[in-house]
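Thanks for coming, everyone. Please have the sequence and the model open while I talk.

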Amino acid sequence: MEATIEVKGLRKRYGPVKALDGMSFTVTPGQVTGFVGPNGAGKSTTMRIIVGLDAADEGSALVGGRPYRSLRSPLRHLGALLDAAALQPSRTARHHLLWLAHSQGLPAARVEEVLELVGLAGAARRRAGGLSLGMRQRLGIAAALLGDPPVLMLDEPFNGLDPEGIVWIRGLLGSLAAEGRAVLVSSHLMSQLQDVAGHLVVAGRGRVVADTGVAQLIAEASRGRVRVRTAAREEAMAVLARAGAAVAATGPDTLTVSGPAAERIVELLTAQAVPFSEVAAHRASLEEAYMELTRDCVDYTGDYSGAAR
Amino acid sequence: MSAGAAAPYRSRLPAARERFAHLVRAEWTKFRTVRGWVAGAVAATLLTVALGLVIAAGSHSSCGAGPVETACPAPPLGPGGQAVEDRFFFLHRRLEGDGAITARLTAMSGVITYPPPGHDRIVSGLVPWAKAGVMVKAAARPGAPYAAVMLTGRHGVRMQHDFTEDVAGRPGGVSQHAPRWLRLVRAGDTLTGYESADGRSWSRIGTAQVAGLTAAVEVGLFVASPGDLTVKPGSAGGSIVQARFTQASAVFDHLAVEGRTAGAWQRTEVGDDEAAMTDWERFHRANGAAESGGVITVTGTGDIAPRLDGLRTEMLVTGALPGLIVVIVVAVLFVTAEYRRGLIRTTLLAGPRRGRMLAAKALVVGAVALLAGLVAAAVVLPAGQAILRGNGVVVLPVPQLTQARVALGLGALLGLAAVLAMALGALFRRSVAAVVAAIAAVVLPYVLATASVLPEELAQWLLGLTPAAGFAILQSLPRYPQVTWHYAPAEGFYPLPPWAGLAVLAGYAALALGLAAWRLRGRDT
């Protein structure tokens, strides 16, 4: 089976609300694809349609070239983490994985393997109701890995993990992709994706706003911007603004300037005798690049940074 | 991390073809790994057993006159092993080997004591199943095998044998101008009944194979008259059943026995019970046979029929009702808990074909409930019967096969009710609504129909059309057309035959399951 997810022209309405409006993208094997976008961009709806939980009004979503609902032993084709809290509280972690293993004809030994893999071996006999949010995330990841699938789809896997857990999962995602799997990861924390995602699908208002390699995206967002470090921030801003540059204060002694090239900035500051310690080409963070892209698509700006999805 | 550089991933896990059995096993693992559900299934079993034993332990019976208590005599058993009524007057003599008896009946009359509406007079009349005719019986002892040809009060001529078997001859009554000739021919174990209007042209009614006849049998005239049973609606719902003493007399002006007879004619009050003798018999007309100028008048009371009066085996499993409610709750939670936690999505990821997933769930919850019922019945039926015997209570015996059907039936009843409840849970996705709906569908109609609160027609209707029809599988005694009885749900008689009743419940379960699958298919989850 081809290790891909292909989403083509998905449309979906919930009453008057257009949840998806022509969502299209492809997840290819061998890299982590980040799936980002503000609240209401349609990320979770898209993921639910991919695994056949929701039905699209239009368009198609294929896993390895086939609709999910037609797959035999589907967990061997695609492993998904959608909602880590979806557990029967009185069932132990191990038993939760055991019934899933049985449903795919997998041996019980595979349960112990994935428990080991996600570092839950010690908590295997604890009831799911007593697990911390981080442990539930690990259990959900274990469930996704149970069938050793070539395609993985994780919705907000960083939620609830402690810093150590975040480091662990980024390493895990990277190595899963390096094995030749297709990995789709949604997140609202761009910084989490920065060093792990090779590709980015940015969703806004039910469609794809950008579908690009991460390196390319950052280069584009950085283009023409210069970072200036100066002790005389106010003076520098005034001088540069007068010269027609767009200036933003990004720290107590740093400015981001767009418009004039670095040489011209040095010239201007020197001419006015404004002291500065550094003038360098700015490298945008993924977060900045993302903000740039979605500026026009944010429906709920205020909610964006805090909410989970 | 460059795109498409690595070769596509190949899993090293052993391949396995998808099978329905995998889903069933997964659902079973789900069930057994939630302690509350397993406890529920065990509790349903224990509850059913405990209540059955309490019912048995609480039943006592003793007989005796005055202060002296004795064990009640067990009712006679017929050749089929069932309890029987076998009381009648018999004018008989011995027949050795094959032969025949022929008699002409010219009159049949009777009395019914204190019938409604006034309950103040003794009137003349025959009850529908008063019987007078000729009989061949292994011995003049209650329960002995027999065959008989008779005229009845309102059902014409019949040929009956061994208590349960009944074949209709010609309808109509008897009078001086229209006598009825009755004839019974014995050839080994084969008895053939005939009737005639003139004693020359005979028509065959039927042939009976009567096992257990010895070479010498008793042959003769008999008369029986069962109690006059009436049912009227009670003022507080339910029904009032009354039975009154009746007596019948038949006049025979011709009697001939062919074959090798031995000994004199004997008069036997078969199954007589001195204590039960009425004042009518004591002071007005005793049962008996009198001969005058070749005309014989035989007078008798009682009945020759299967006995329906007594404790039915299935009384012991009426304690299954609380257990059934527990089963319904567990079956509903088995699916609604998944909706409540969102776990249903994980279930659908593992088994995306909705119908198969529901079928696997139904199979598991149905099998668990079936097992609970079966185990409970296998314990409570023999144990309860032993306790009842110890308490002197007579349980109407039923064949082993019927016992097995009642036990299996209890399992099937719980199993199908569990499937129905689970399907309702999948339809409603709410525990309380589904539990209430399942109880309203299965338990409530049964309670209303059997608790003597509804008019009988409504009770029959409820147990014929609602899922509660499935309780019919527990009915251990059949209806007999030749026995006048109060065949009502409150007495343990259901409007549908056992398997038909169960099929109605199965139909509802299948329907609910189909609706749940259809709803699941068309919707976002």
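Let's start where chain B meets chain A. How many salt bridges does the rule find across that interface? It finds 0. The rule asks for a side-chain nitrogen of Lys or Arg within 4 Å of a carboxyl oxygen of Asp or Glu. By class, the side of chain B that touches chain A has 20 nonpolar, 10 polar and 14 charged residues. Here Ala, Val, Leu, Ile, Met, Phe, Trp, Tyr, Cys and Pro count as nonpolar; Asp, Glu, Lys and Arg count as charged; the others, Gly among them, count as polar.

A word on what you are looking at. This is a predicted model, where local features need pLDDT of at least 70, side-chain atom pairs count only at pLDDT 80 or more, and totals for chains, interfaces and linings use all residues. Residues are numbered from 1 along each chain as its sequence is written, chains are lettered from A and ligands numbered from 1 in the order in which they are written, and side-chain values use heavy atoms, with hydrogens and water left out.

Back to the interface. Polar contacts are there: 13 residue pairs between chain B and chain A, both residues at pLDDT 80 or more. A polar contact is a pair of N or O atoms within 3.5 Å; within protein, one must be able to donate a hydrogen and the other to accept it, and residues adjacent in sequence count only if both atoms are side-chain atoms. Which elements of chain B give two or more residues to the side that touches chain A? They are helix 1 (20-32), helix 2 (35-57), helix 4 (320-341) and helix 5 (343-350). Helices (H or I, at least four residues) and strands (E, at least two) are DSSP runs, numbered from the N terminus.

Now the extent of it. The size of an interface is often given as the accessible area lost when the parts come together. Chain B and chain A bury about 4,100 Å² between them, and 56% of that is on carbon and sulfur atoms. Buried area is the accessible area (1.4 Å probe) that two parts lose on being put together, summed over both. The contact, meaning heavy atoms within 4.5 Å, takes 53 residues from chain A and 44 from chain B.

On to chain A itself. It has 11 helices and 13 strands. Its C-alpha trace spans about 75 × 45 × 35 Å along the principal axes. Of its 309 residues, 55% are buried. Buried means under 20% relative accessible area, exposed over 50%, partly exposed in between (1.4 Å probe, protein chains only). Take the contacts between residues at least 6 apart in sequence: 70% join residues at least 24 apart.

How confident is the predictor? Chain A has a mean pLDDT of 88, and 94% of its residues reach 70 or more. Over residues 299-309 of chain A, though, pLDDT is below 50. That stretch has 20 contacts in the model beyond near neighbours in sequence. pLDDT is the predictor's confidence in each residue, from 0 to 100. Where it is low, the predicted coordinates should not be read in detail.

Next, some single residues. Thr45(A) sits in helix 1 (residues 43-50) of chain A. Is Thr45(A) buried or exposed? Buried, at 10% relative accessible area. Beyond neighbours within four places in sequence, Thr45(A) touches Lys12(A), Tyr14(A), Ala19(A) and Leu20(A).

Now backbone geometry. Most residues other than glycine have a negative phi, and most peptide bonds are trans. Ser73(A) has a positive phi of about 45°. It lies in the loop between strand 4 (58-63) and strand 5 (78-81) of chain A, and is buried at 4%. Ala273(A) also has a positive phi, about 60°. Its loop runs between helix 9 (262-271) and strand 13 (278-281). Ala273(A) is exposed, at 63%. In chain B, a cis peptide bond joins Pro116(B) and Pro117(B), with omega about 5°. Pro117(B) is in the loop between strand 2 (88-113) and strand 3 (122-124).

Last stop, Tyr508(B). It is in helix 10 (residues 498-522) of chain B and is partly exposed, at 32%. Leaving out neighbours within four places, Tyr508(B) contacts Leu420(B), Leu465(B), Thr466(B) and Pro467(B). A polar atom of the Tyr508(B) side chain lies 2.5 Å from the backbone oxygen of Leu465(B).
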